[in-house]
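This briefing covers strand pairing, salt bridges and the surroundings of selected residues. Please read it alongside the sequence and the model.

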Amino acid sequence: MRHAWVIACIAISLTVARAPAHIVYGEPTLYQLVVDSDLVIRARILDRAPTGGGEETPNRPFVAAEVLAVYKGSHGSAEIRFAQHGHGVPTYEPGDEALLFLRQIERVRELDQLAVTGKTAWVSLQEHDSAYTMTPAARPTFDAAVRAYVAAAAKPEPSARLAALRTVTIAQLRSTEPRLANSSLRDLVLMSAALVTADDAPALIEISDDPAIGIGIRLGVLAVLEQQGMVDGPTRWAHLLQTTPAPDRLAVVRASAAHPSPPVTVELVKLVDGDDAELAAAAAI
């Protein structure tokens, strides 16, 4: 319930942030996709592949792609053909470059007959919100992030795995690629009790205070820090209300509602009396 509360207040802040960011409780993080996959690749979409049968449906299309890089697992061919399964699967266009997180099709009970008939050995369970298409300019950023997550997941000892994930998560919170930063924030929220230590507090406080980082990430990190008792929440939220410039200030006003305290109330009352009608209405609410 604590995690749900933190996610809820982060969602409030991110819906009004400038970046197209949001927290969805059931949406898998990049790290979760890596862990759950047998094969992780970067590929160029070629086309929808014909099935030669009646198994293809709108929620179960087949896709053909050129393999550009293999991060986890093995695939010996230059091309791959995989099924998609789920509600609202990603729609790829020929030429799109995307990260693909694939399972052996035998692991998906609904599709095991496709494996028997030899139509494909792989299935993607990615849905629309977990599609990772990218531009050539963004490729190095995504490449480095996926390799780091694969290396963290491969650590044999749980403590070493958690330590590696902690390092990657804190680094990705600073990413200029919103999808990577938001994914890391979800990891931080969902695993904060195990993932965050007192030694991490200075780095996380620095992120929360950094105006160069998106306000949604900053607010989410502050919520986690307060939840873990690593900062004085009332003082921090009041300071953000005082110092955050427009248009990010509206996000802080709405997020602070989940963190009531006398210092926060003082700042909200000031905004109610201010000249910005939108801020005044949000503060009043």
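Which side chains meet in a salt bridge at 3.1 Å, N to O? They are those of glutamate 177 and arginine 179, where a salt bridge is a side-chain nitrogen of Lys or Arg within 4 Å of a carboxyl oxygen of Asp or Glu. Glutamate 177 is buried at 14% relative accessibility, while arginine 179 is partly exposed at 30%; buried means under 20% relative accessible area, exposed over 50%, and partly exposed in between, with a 1.4 Å probe and protein chains only.

The model is predicted: local features need pLDDT of at least 70 and side-chain atom pairs count only at pLDDT 80 or more, whereas totals for chains, interfaces and linings use all residues. Residues are numbered from 1 along each chain as its sequence is written, and side-chain values use heavy atoms, with hydrogens and water left out.

**Strand pairing**

- Helices (H or I, at least four residues) and strands (E, at least two) are DSSP runs, numbered from the N terminus.
- Two strands pair if DSSP finds at least two bridges between them.
- Strand 2 (residues 62–72) and strand 3 (residues 79–84) run antiparallel and are joined by five bridges.
- Within this pairing, arginine 81 of strand 3 is the residue opposite alanine 64.
- The two strands form a hairpin with six residues between them, and glycine 73 in the turn has a positive phi of about 80°.
- Strand 3 also runs parallel to strand 5 (residues 122–124), with three bridges joining them.
- Glutamine 84 has serine 124, in strand 5, as its bridge partner.

- Alanine 83 belongs to strand 3 and is buried, its relative accessible area being 0%.
- The C-alpha atoms of alanine 83 and arginine 103 lie 9.9 Å apart, and the two residues are 20 residues apart in sequence.

**Salt bridges**

- Side chains of opposite charge can pair when their charged atoms come close.
- The structure has 12 salt bridges.
- One of them joins the side chains of glutamate 97 and arginine 139, at 2.6 Å from N to O.
- Glutamate 97 is in strand 4 (residues 97–104) and arginine 139 in helix 4 (residues 139–153), so this pair ties together parts that are 42 residues apart in sequence.
- Glutamate 97 is buried, with a relative accessible area of 6%, whereas arginine 139 is partly exposed at 27%.
- Both residues belong to a network of salt bridges that links Arg42, Glu97 and Arg139.
- Aspartate 143 and arginine 147 form another salt bridge, with their closest N and O atoms 2.9 Å apart.
- These two residues are four residues apart in helix 4, so about one helical turn separates them.
- Aspartate 143 is buried at 16% relative accessible area, and arginine 147 is partly exposed at 43%.

**Surroundings of arginine 166**

- Arginine 166 lies in helix 5 (residues 158–172) and counts as buried at 17% relative accessibility.
- A polar atom of the arginine 166 side chain lies 2.5 Å from the backbone oxygen of leucine 195.
- Leaving aside residues up to four places away in sequence, arginine 166 touches Ala194, Leu195, Thr197 and Asp200, where contact means heavy atoms within 4.5 Å.

Technical notes. A polar contact is a pair of N or O atoms within 3.5 Å; within protein, one must be able to donate a hydrogen and the other to accept it, and residues adjacent in sequence count only if both atoms are side-chain atoms.
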